[in-house]
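My notes follow the display.

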Amino acid sequence: MTAKQQHEPPAAPAPEQSPSLKASIKDGASYAVMMGSGETYFGPLGIFLHASTLQVGLLASLPQLVGAVLQWAGAINMDRIKSRRRFVIIGAVIQALTLIPMALIPVCFGQGTLPVLILLALIMVYNGANAAGLPVWSSLIGDLVPTDIRGRFFGHRNRLTTMSTFISLLAAGVILHLFAQAGLPQWGFMATLVIAFLARLNSVRWLTRYDDPGFTIAADQVFTFRQFLKRSPRSNFAKFVFFIGAINFSVAFSAPYFALYMLRDLKFSYVEFTAVTGVVTITQFLAFRHWGTLSDRFGNKKILNVCGWGVAFVPVLWVVSHHIVYLMMIQVFAGLVWSGFSLASANFLFDAVSQPKRARCVAYQGLVNGLFFFLGSLTGGFVAGHLPRSISIGPWTWTPLFMLPVLFLLSGVMRAAAAGIFLHRFKEVRPVEPIRHRDLIYRVSQIRPIAGATFSLITGLFREQPQSQDRHPRNKNRPGGSNLDL
């Protein structure tokens, strides 16, 4: 047996081994198509309808707050839900139905304040219907996925859903571009939202094939949000929640305005906007499987330590240049760190919380995140409207060509502050192999889709390049060192 074979972790589980896991992957892929062709373009739709800077912020933040409140409502009523699967399906159907009137807005109402407000109301229903079922779905899927393969399974699932998002996002961008070139952009938005509607209906079809095991909550497993807050100074999970909340506040401070910056300030076409956005998605597709394997071996906290600082650099890089090639290059870095961050944060929750408390903890985390996201977006919108045309520090004066990158810079500073304040306050919750942060970074830098690979976009398979056994001779005798080529 070679060193590589000896240390290589087992492959991700085949979805076909479990009908529920197979259904979960296909449900996720269909949901991702809805995201790529629909939700990704809610911001551009608002901009097309002539939403103001503040309204763009509200379109991103207010539905998040509504969703957080409904997540909490869904969780505290878990003991009254007889079928978790049925509850999730009802929310998914309602979400799908909101996409039809949404598709009609640009065709029937034109542009102006009224269609923007109608869009806002529909997005709140769209987000709330899904959010109410999210803690219930998390409880259900947590019961269906075995603990020992959780990282690899979700890495595999996220990889496929990310590719579905990328393909649908790309197709929707091309559709919007073609209709815009023909002078009919409103019909382009209608077409992409109808595609999103059909994709969500297909997602519902696969949700019906989930197993629906029984579920009970003992009285001693129930705790209120007030009790959660009281325990937060001593609770490892609560410290994690507030770290994610602080990151969400910092992200929301600038996130709603990236689309505005590209479409309004830089005058990108829909194809250019899609290209910049799609680079993140394709990078996540390449990286998810590897993050999942690293998560199972070395734990989620190590990944959060690395990626928590990584996401702080992402918005700062947008200040350097607005050239589209440069923006696509930094989006590769963004996709890498955000894929690790999102996978590790989701898996940390599953590891840190017992099964009876999972739905409630998901809801409380969602409530904190929603509140922080809402406040961050409002703060960003306020700052965006009051930025000076130039910034002077002593004899040095900076007059940026566009003002929104100042928000991106401030967002990066706040993300770094969140990482510095919270990351050392919570710990890994399961036994894992030890690894130094620099070794983990080196492993990530050497995963083959980044260091050099033959990748088939059609099959989703990676093929090894011919190489000698001594490609990494200095790691030959290091335990697990051969897995640098994941």
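**Helix packing and salt bridges**

I checked burial first: arginine 157 and aspartate 27 are both buried. Buried means under 20% relative accessible area, exposed means over 50%, and partly exposed is in between (1.4 Å probe, protein chains only). I note that this is a predicted model, where local features need pLDDT of at least 70, side-chain atom pairs count only at pLDDT 80 or more, and totals for chains, interfaces and linings use all residues. Residues are numbered from 1 along each chain as its sequence is written, and side-chain values use heavy atoms, with hydrogens and water left out.

Next I looked up the pairing. Arginine 157 and aspartate 27 form a salt bridge through their side chains, at 3.7 Å from N to O. I use the term for a side-chain nitrogen of Lys or Arg within 4 Å of a carboxyl oxygen of Asp or Glu. Arginine 157 sits in helix 7 (residues 150–181) and aspartate 27 in helix 2, so I wrote down a link between distant parts of the chain, 130 residues apart. Helices here are DSSP runs (H or I, at least four residues), numbered from the N terminus.

How many salt bridges does the structure hold? I found 3.

Another one joins arginine 84 to aspartate 143, with the closest N and O atoms 2.9 Å apart. Arginine 84 is in helix 5 (residues 84–108) and aspartate 143 in helix 6, so this pair ties together parts 59 residues apart in sequence. Arginine 84 is buried at 2% relative accessible area. Aspartate 143 is partly exposed at 29%.

I also logged arginine 264 with aspartate 265, whose closest N and O atoms are 2.9 Å apart. Arginine 264 is partly exposed at 36%, and aspartate 265 is buried at 16%.

Then I turned to helix 2 (residues 19–37) and helix 6 (residues 113–144). They pack at an angle of about 155 degrees, with axes 13 Å apart. Axes are lines fitted to C-alpha atoms over the stretch in contact, and angles run from 0 to 180 degrees between N-to-C directions. Helix 2 and helix 6 are therefore roughly antiparallel, a label for angles over 145 degrees.

Which residues meet? From helix 2 I listed Ser20, Leu21, Ser24, Asp27, Tyr31 and Met34; from helix 6, Tyr126, Asn130, Trp137, Ile141 and Leu144. Contact means heavy atoms within 4.5 Å. By class, I noted 7 nonpolar, 3 polar and 1 charged residues in the contact of helix 2 with helix 6.

Terms used:
Helix = DSSP H or I, 4+ residues; strand = E, 2+ residues; numbered from the N terminus. Parallel < 35°, antiparallel > 145°, perpendicular 65-115°, else oblique. Nonpolar A, V, L, I, M, F, W, Y, C, P; charged D, E, K, R; others polar.
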